[in-house]
Amino acid sequence: MAADWIVFWVCAPISIGSAIAMLLQRNAVHAALFLIVNLFTVAVLYLVLGAPFLFAVQIIVYAGAIMVLFLFVIMLLGVDREERLVERLRGQRTAAILLGLGVVGEVVFAIRAGVGFSTRAPAGFGAANGGGNPQALGRLLFRAYFLPFEVTSILLMVAAVAAMVLARRRERPVASAERRAQEPIEPSEPSEPSEPREEEPVG
Amino acid sequence: MLRQVWLVPALPLAGFVVCLFAGTRLGRYAGWLASALVVASFGIGLGVFSDLVSLPDASRHVVRHLYEWIAVGGFRVAVDLRVDPLSMTMALVVTGVGAIIHVYSIGYMDGDPRYGRFFAYMNLFVFFMLTLVLAENFLLLYVGWEGVGLCSYLLIGFWHERPAAASAAKKAFVVTRIGDTFMLVGIALIFLRLGSLDFTAVLRIPCGPGQHCPPAITTDTGVSTVIALLLFAGAIGKSAQVPLHVWLPDAMEGPTPVSALIHAATMVTAGVYLVARTHVLFEVSGVALTVVLVVGLVTALYAATVALAQDDFKRVLAWSTISQLGFMFTALGLRAYWAAIFLLVTHAFYKALLFLSAGSVMHALDGETDLKKMGGLRRTMPITAVVCSIGALALAGIPPFAGFFSKDDVLAVANQSGHALAWLIALVAAFFSALYMARLVFLAFFGEERTERYAHEAPPVMTVPLGLLAVGAAFGGFLGANETRGLLQTFLAPVLGKVREPTQGLSGPALALISVGVAALAIAVGWLVYGSGRIDWVALRVRLSSLHRFLARGWYVDDAYAAVLVSPAKAGSAFLAYVVDARLVDGLVNASGQLVRWLASVGRRVQTGFVRNYALAILLGALVLLVYVGLRI
Amino acid sequence: MRTPIAYFLVASAALFTIGSVGVLVRRNALVIFMSVELQLNAVNLALVAFSRMHGSLDGQVLAFFSMVVAAAEVVVGLAIIVSVYRRRRSADVDDVNLLKW
Amino acid sequence: MDWLDWLLLAARVVVVFFVLLLSVILLVWVERKVVADMQTRKGPMRAGPRGVLVSLADGIKLFFKEGITPALADRPVYLIAPIVSMLPAFLAFAVIPFGTGVTLFGRRVPFQIADLNVGILWVLAMSSMMVYGIVLAGWSSGSNYPLLGSIRSSAQMISYEVGMALALVSVLMYSGHLRMTQIVAAQDRVWNVVPQLPAFVIYLIAGLAETNRPPFDLPEAETELVAGYHTEYSGIKFAMFYLAEYLNTVTVAAIATTLFLGGWRGPHPEHLAWLWPILWFVVKVLAIIYAYIWIRATLPRFRYDRLMAFGWKVLIPFGLVWVLATGAVIVLPDVYGRRPVVIGAAAVLAVVLLLSLLWSALARRRETVEAPS
């Protein structure tokens, strides 16, 4: 009974269970919480698989940043707490489940054909991780994968700018504001600043 | 200085760039800058020339490699400049006359809203012309060839607000393009048959028995005839010979300095240069030389007759240019290449002088060009009158002016090489030449004043160039005064071959006497009709109106072209545009559009707008793909 | 390590399937988005497992990139959801079906 | 690893857990006393000698108070939130070495629960987890004030986490290790606080914000938000939040000690060689906590927009420039040799960058003050 065996059999069921629970939750916040649990268990699986760096990154990036952002948006939007799970598209749910089963079957078949269910990882992994996993990963990242790395950084920058542009509320043009200030009588009804304007484009 | 030969074309190019981008900012200085650059180019050309002269006769051709331009498989074209007597003669004419005309333009174009652009184009033209004459291979020559065509187009249409100028520019461009296309085919043929485009490889000079001649040419005169005729077609177009001469008279719509530089002194002589440069090919062919001779003679006579009936100052000069070019081609056809180049040089002087005089007159008369409305200008414009008369005398062939020596050479060669008929035709053409020049001068500068406008002499910036050119027109002939051992003849001998001693025909002095007599007779007739006032030339014109109209309209060649070529082409185009394109092509396009619309109206029902439907489709596709891949394995 | 690699891959497949079913079945845009994240995670797990199996770190690098890209994607996606919500007062993807026919 | 190892590990966990709890109890008393002293008051005096048992009394009181659950609350989340907020503080402590260790039963026992090779990242991960407790508490209470408080708080914590991460990044670049023991080992001659002083300052400021301590205690600004995210909490659940806050303070101080102040390092006699490092560690942690209390007693609370502006426009750019400068100092000698000119030039450049950045940031802030929107 090795430690990784125990950890796998503890984490994998929790992970799948929390994923299913996420799927069935009507409340978006609860769904997010289950997803966080799932992310944590997956992180632990990374640890088992010899990827402590990814373990940390998974927690920092996914659990720490992305999911907080999700919670944030859910709360900010004040989306109705409960979502009715009644399906309106005919046959969608049946088709989805059938297709899902198909995917599982396919992949399991592929794993059996391609990898085999008793294949153990070879012992040579320690050499690849030489000098510590973060260090080895860093060497790989900044040498062989340097260009993708830099490109990714640009992608992140673009995403940040894009998010700011998308989520920003349009300010009213200064000119019209000035005109309004000069006109003593306000002809149109004063619009609520928080109300979404009709001319705002949808992203 | 030989290594710096690249500066000769580079300086005008720099001027073009500067004037194009900073022309408006430079203001009047644009003209001075452009002129200074051309003058500098001329100076460097002189340096190169002196270096070339210091070399021994046999090694007087230097190829300066600039860079590898095209290298595709076995096809190699380099930007090489060729320095030899012929190219240097041409380069010095281009930069020398060009510089004078540039300076003249400073005064002539003063006040034009597109002043900077004008000089940009002029500099560009000089650059392309130098590229043409200095090129070491056919392709680079072709680049210059098309480049000067482009500049000609731009400058003829410089005042493109005037419909006449715009259409003249278009006409010049299209008509010369006909010849250029033949020429390009010829160049391609040269490469196909001879495997190279370099002059040194293609034109081994001299190519006699026992020497290394291009194999295809020595064995196959048919090919060389075809090549020579194709190249000559290009020359016909560029040098406005019959039957592609129709663009040059219309090209007078451009500013007068342009006419002087491009349509008298340099660009139109490119055809002469081309034939002289490739005369080896023509000689191997033989037939091609005859064609050149015939075309030259026909053009010389035909254009001289037409020039007699023109009322427009510049058009007289334009037809005269065509005629003079005909004389040059006659010389080429008679294998007297040096004579052609000699005539080219002197013609550059006196024709540029005549055009600039015309410009001076127009400058004084607010753009008036109609000879009927001039007269007696010698009193108000003495300098112009004197220099114009010098140019006219030079053209007419009165000694000691330049034209006498050069034209006399052509006539002498015709006589002494046994082409008596050619000699007679040329003599008649020379008679008409002297006659129309006499008519021009007497109508414009003598007699009574027929204009109310206040005429005045041009500023020094214009008269000084006129004076310079007048000196050239007056004394340029001494360059080749000695028929067999003149300066020019000996200088050009390494390229164009030695002047052959006459073996038959009349003796030199006798021929000179005959041609001077003919010219004097023509001038006397001209004085009698137009200068003496004893004959009412207006009445004469009315009496001979049908003949006059026939001549004035250039023997109706243009009208014939319009009827035979242009109208059917227009009708055909209209048919294609309004019937074939509108009905058939558009119909096909519209039909396919309709089909797509119909298909789309059926297929778009798939687009439900529900994201989750799309996601379902994606997953389904992925699944199918997986199954496919799984089955493949 | 005693656990066969295939177990991790099966777990990954299961997670991926749950994620895809979530995308297909749920209507709340945010939950759909979370399901997409679940799918990405499943793929990452598979990548890390493969990395272990082949004894090289390339799989981990790929998983790393996938995480970074997922972060970028979430930022933009959430911004889009927010602006759609502002306009339509709803986060239901079935309400945003203007892009049809 | 046999059963003895497991046992020793469990023992360490238990000891650390209880020591931390105890330290919180002590810390509450210390803080009240120190603040009182700074304000020339006496502070709590009744429970125990000089009121030393006051926090114990508080704890007992809270323990026996009725736990109220609001009717609109999302019950499971409402219950989980306090626990979630406590966990990361404990977990982050797991990687901190608080002594050299002893030899027991013939094997080496380090004074550290787990020496992860991604130690710093673990710290970062746990500090990013701290947000959850607050967010969930605010949302699950089903009340407006807690929700506002939690949203404010999470925005603040996420923002300052970036600055904190930058400070940590420069430290790990400088020492070249992610493992805590190695970072401590690398400080055997000079503590990181000397070459990494700006990073230390950044870390301390960001730590203040991360732990919601004054002057960054916006989430629970009573005057604006009643009591922030834990308005609806009472009894034992409130105690947990309270505990978590002080635990966070201790953890932040311990991390600062480990990363910047040489951890357990300090001159000590050979006698009882295992004990002195622990004492040194405690002294350093207490010093930092004392500084925090001092700041609390001195500075007024920030306005919210100023807080965010400071985080994004001053702290993060500053941290970025510092990371850049650190990288330059590390790499330049490799590239150009140890030429002092190069390094000096890089240093001057960095200083100029820093100054220009600060100047522009301050200038912008002055503008906003002059023209209120």
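**Exercise 1. Describe the interface of chain C and chain B in this predicted model, from the residues in contact to the classes they fall into.**

Solution. Begin with the residues: 14 residues of chain C are in contact with 11 residues of chain B. Next take the area, which comes to about 1100 Å² buried between chain C and chain B, with carbon and sulfur atoms giving 60% of it. On the side of chain C that touches chain B, helix α1 (residues 5–25) of chain C gives the most, with four residues. Sorted by class, that side of chain C has eight nonpolar, two polar and four charged residues.

**Exercise 2. Carry out the corresponding description for chain A and chain C, and state which element gives the largest share of the side of chain A.**

Solution. Here 96 residues of chain A are in contact with 74 residues of chain C, and the two chains bury about 7700 Å² between them, 73% of it on carbon and sulfur atoms. The count of salt bridges between chain A and chain C is zero, while the count of residue pairs in polar contact is eight, both residues being at pLDDT 80 or more. Several elements of chain A give two or more residues to the side that touches chain C, among them α1 (3–24), α2 (28–48) and α7 (146–167). The largest share, 13 residues, comes from α3(A). By class, the residues on this side of chain A divide into 67 nonpolar, 16 polar and 13 charged.

**Exercise 3. Determine how helix α3 of chain A and helix α3 of chain C are oriented relative to each other, and characterise their contact.**

Solution. The axes of α3 (residues 52–77) of chain A and α3 (residues 58–88) of chain C come within 11 Å and cross at roughly 5°. Angles under 35 degrees count as roughly parallel, and α3(A) and α3(C) are therefore roughly parallel to each other. The residues that make the contact include A:F53, A:V57, A:I66 and A:L77 of α3(A), together with C:F64, C:M67, C:V74 and C:Y85 of α3(C). The contact has 21 nonpolar, two polar and no charged residues.

**Exercise 4. Locate the salt bridge of B:R277 and B:D84 within chain B.**

Solution. Over all chains the structure holds 23 salt bridges. In one of these, the side chains of B:R277 and B:D84 meet at 2.8 Å, N to O. B:R277 lies in helix α12 (residues 270–277) of chain B, and B:D84 in the loop between β2 (75–83) and α3 (85–108) of chain B, so that the pair, 193 residues apart, links distant parts of the chain.

Terms used:
Residues numbered from 1 in each chain as written. Chains lettered and ligands numbered in written order. Predicted model: local features only at pLDDT ≥ 70, side-chain atom pairs only at ≥ 80, totals over all residues. Heavy atoms only, no water. Contact = heavy atoms within 4.5 Å. Buried area = accessible area lost by both parts, 1.4 Å probe. Nonpolar A, V, L, I, M, F, W, Y, C, P; charged D, E, K, R; others polar. Axes fitted to C-alpha atoms, helices over the stretch in contact; angles between N-to-C directions. Parallel < 35°, antiparallel > 145°, perpendicular 65-115°, else oblique. Salt bridge = Lys/Arg side-chain N within 4 Å of Asp/Glu carboxyl O. Polar contact = N/O pair within 3.5 Å; in protein donor to acceptor, adjacent residues only side chain to side chain.
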